[in-house]
Amino acid sequence: AIVARHGGEPTELLQILREVQAHLHHVPHEAMVFLYEALQVPPAQIQGVVEFYSFLSTMPRGRYDLRISDSITDQMLGSRALADDLCQRLGVKLGETRADGAVSVDYTSCTGMCEQGPAGLVNGLALTRLDRARVERIAELVEAGTPLEAWPEAFFAVADNVHKPGLLLADGFEPGAALAKVFERGREATFAELEQSGLRGRGGAGFNTAWKWRFCYEGPDEDSFCPMDKRAEVQRFVICNADEGEPGTFKDRVLLNSHAHRVFEGMTVCAALVGAKRGFLYLRGEYLHLYQPLLAVLEERRRLGLLGRNIQGREGFDFDIKIHLGAGAYICGEESALIESLEGKRGNPRNRPPYPVTHGYLGQPTVVNNVETFLSAAMIALHGGVWFAAHGTEKSKGSKILSISGDCARPGIYEYPFGTTVAQILEDCGAVDPFGAQVGGPSGTFISDKEFGRKLAFEDLATGGSFMVFGQGRDPLEVARNFTHFFAHESCGFCTPCRVGTALLKNIHDKICAGHGTPYDLAELADLGKIIKGASHCGLGQTAAHPILTTLERYPDLYAARLKETVFQPGFDLDGALEVSRRLTGRDDAHAHLAQANQ
Ligand code: SF4
C-alpha cells in the first residue's frame, strides 16, 4: 500500500522507507527485498539509503523512539543531564533499544528548536522545553504505553518567538498578489526588478538570485543533453531547500509555520519566470510537525487557483508543489546532495560543474533556493526591486532574518537590514556581557568580544541565519569540540579528506580538551585544518575545521593552558655517551662516533 501510494516511483524511495520505518520501527531485510522488486531499484542502493540517513535503521528502534538534541545551545540548557535522567528512568542505555522493544533513547543533531530547548524528538515529532518534570512524565507515558495523541499538547508546542519583524515580515501579504504583479509586468520586467533588488541567496553562499533564475530559464538547449536520455523536451524544476540543518538555525521553521504563502508564492513566481511545471519543498525530517499544516496551505492555494492548472487564469501556466521529507542528514542541505536525496538516493554531493541550474533534478535545469530566498523573491515581485535595494549595504541588499539562541534574555527571530552590527544585535536580544558569538553556525565564524563592531553582510559576516550567543563562563574549546563532533558525525563519507580528516580533528581536539595534548597536536590541528579545507569535495569538509581554526586563532592561551606538561627528563644521556668518540675524532657531527668505530 505504501508503494502504491507513492506511485511505484523509484524517486520516492526515501519517502517509502520513512513510512516503513514509522510502521515497523526499522527497515527489515524483507522490506528491502520487496522494494527491490517493486521499484526495480538495485538492492545496494536501497541498503545504502537506509544506512545513510540517521532516521532510518536496519535494527529495531523502540516503539517510542526518543532523540535528544545534542546541539551546543541545548547542551548549555542541560540536555545531557536530561538524557541521562531519561535513560535511567526508562532503564535503557543511550544509543540502544530496550530489550522489550518499547523505547530507545539517543542523541541527535540540532532539531531546530534552539530558542525553546532543551529539545528532542519522539517518533520524529518535536518536543520542546524539556525539563526534569517533563522527562519524568515522558517516562511514565512511555511505560504506560500512552499513544502520542494522548500526551500533553504542551510537550509538542512550538512557538514562533518573532521578536523583531522587519522589511519582509512586518507587513501582511495577500496570497496571489505577487503573482498578479508578475503577470502585469511580464517576464523580462520582473527579471529586471529581481536584478535591481540585488537579492542574493540566503543560504549563506550568496549567489545572485536573478542570475540563477535566468541561467535556468535560458539554458541549456535540448541539444546539450545526451541523446540516449531520450528526453523529448527540457523540463525545469523549482526546489525549495527547507533542510535547515545548520545548528542554531530555525528561522525557516518559523517562515514555513507563519508565512508559508509567501514562500510558496516565491516558488510559483520562479516557476512563472523559468518555465517550470513542478516544484518540491524539501522539508527537514525534524520539522515533521509542519508537514500536515503545509499540505493544507498547498491545498488552499490550489483552491485559490494559485497552484495547479492555468494559474490565475493564465492559459498554459501549470505548476504544482510536492513536499518531500528528509530523514536526518545535514549534508542534504547542500543543493546537489539535496537533489540526490529527492531522487531517492544517498545524499552525496555531486561533482560540479555541471551545476543544478543546468543539470539538476533528473538531469534537468533546476533552481534550488532556500526558504528565505523564495520569500524575499515574492516580496520583491510584489513591491519591486528598488523597495528592497533601498535597505542594506552596497553588496548586501535587503534584510537578513536571524535565529538567535544561547545566552541571551530573548532568543528567537530577528530581522535586520544588512550592515547591522553584532553589538546592536546582542543588545536587542538581551545578551549581557557575552564573551563571543558564533555567526553562521558551526560552518560560520566565531567572533570574540573584541569584534562586536563587525557587521552582518556578505562582505563581512556572511550567515545563513544562525546566531549563537555565548556568555561569560562558557568555554570556547567546549564550543569548538561540540561543532567538531557534529561535523565528524555528519560527514557523508564520500571523500577521504573529510571522512578521515574530521575524525582526526575530533580525536586530536578531544585529546587536547582532556589535557593530554602536546604542542605537536596543536600544530597538527592547524595543518589538518588546512588540508581538509583545501581538499574536501563540498562545503561541509571545506568548513569543518573552522570552529577549531577560529578559536585557535582567538584563544591560543586557552589551548596552550590545556596542553600536557612537556618538559621531559630523558632516561639516557646521548650527548654524554658520544662525548668520547667526539673527542677522539675531533668532530661533533652526527656521524662522529661512526668515524671513530672505523678507525
Ligand atoms: Fe561528504 Fe565531507 Fe566529502 Fe562533502 S566534504 S562530500 S560531506 S565526505
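Strand 12 (residues 436–439) and strand 13 are joined in the antiparallel sense by four bridges; here strands (E, at least two residues) and helices (H or I, at least four residues) are DSSP runs numbered from the N terminus, and two strands pair if DSSP finds at least two bridges between them. Within this pairing, Gln-438 faces Phe-446 of strand 13. The hairpin formed by strand 12 and strand 13 has five residues between the strands, and Gly-440 adopts a positive phi near 95° there. The model is a predicted one, in which local features need pLDDT of at least 70 and side-chain atom pairs count only at pLDDT 80 or more, while totals for chains, interfaces and linings use all residues. Residues are numbered from 1 along each chain as its sequence is written, and side-chain values use heavy atoms, with hydrogens and water left out.

Six strands make up an open sheet with mixed pairing, in the order 5-11-10-14-12-13. Strand 5 (162–164) and strand 13 (445–448) lie at the edges with a single partner strand each, so one side of each has no neighbour in the sheet. From one strand to the next, the twist averages 25°, with axes taken as lines fitted to C-alpha atoms, for helices over the stretch in contact, and angles running from 0 to 180 degrees between N-to-C directions. Helix 11 (residues 251–258) packs on this sheet and touches strand 5, strand 10 and strand 11, contact being heavy atoms within 4.5 Å. The direction of helix 11 makes about 115° with that of strand 10. Strand 10 (residues 399–406) pairs in the antiparallel sense with strand 11 (residues 412–417) over six bridges, and Ser-399 is set opposite Pro-417 in strand 11.

A further open sheet, of four strands, shows parallel pairing and the order 8-7-6-9. Its edge strands, strand 8 (320–325) and strand 9, each pair on one side only. The twist in this sheet averages 20° from one strand to the next. Strand 7 (residues 278–283) runs parallel to strand 8 and is joined to strand 8 by six bridges; Leu-283 stands across from Leu-325 in strand 8.

Some backbone details in the loops deserve a look. The loop between helix 14 (335–342) and strand 9 (366–370) holds Pro-353, and Pro-354 also has its place in the loop between helix 14 and strand 9. Arg-352 and Pro-353 are linked by a cis peptide bond with omega of about -5°, and another cis peptide bond, with omega of about 5°, links Pro-353 and Pro-354. Elsewhere, Asn-123 lies in the loop between strand 3 (120–122) and strand 4 (125–127). Asn-123 is not a glycine, yet its phi is positive at about 50°.

Finally, the ligand. It is surrounded by 13 residues, the closest being Cys-492, Phe-494, Cys-495, Cys-498 and Cys-538; a residue is near a molecule if one of its heavy atoms lies within 4 Å of it. By class, eight residues of this shell are nonpolar, five are polar and none is charged, where Ala, Val, Leu, Ile, Met, Phe, Trp, Tyr, Cys and Pro count as nonpolar, Asp, Glu, Lys and Arg as charged, and the others, Gly among them, as polar.
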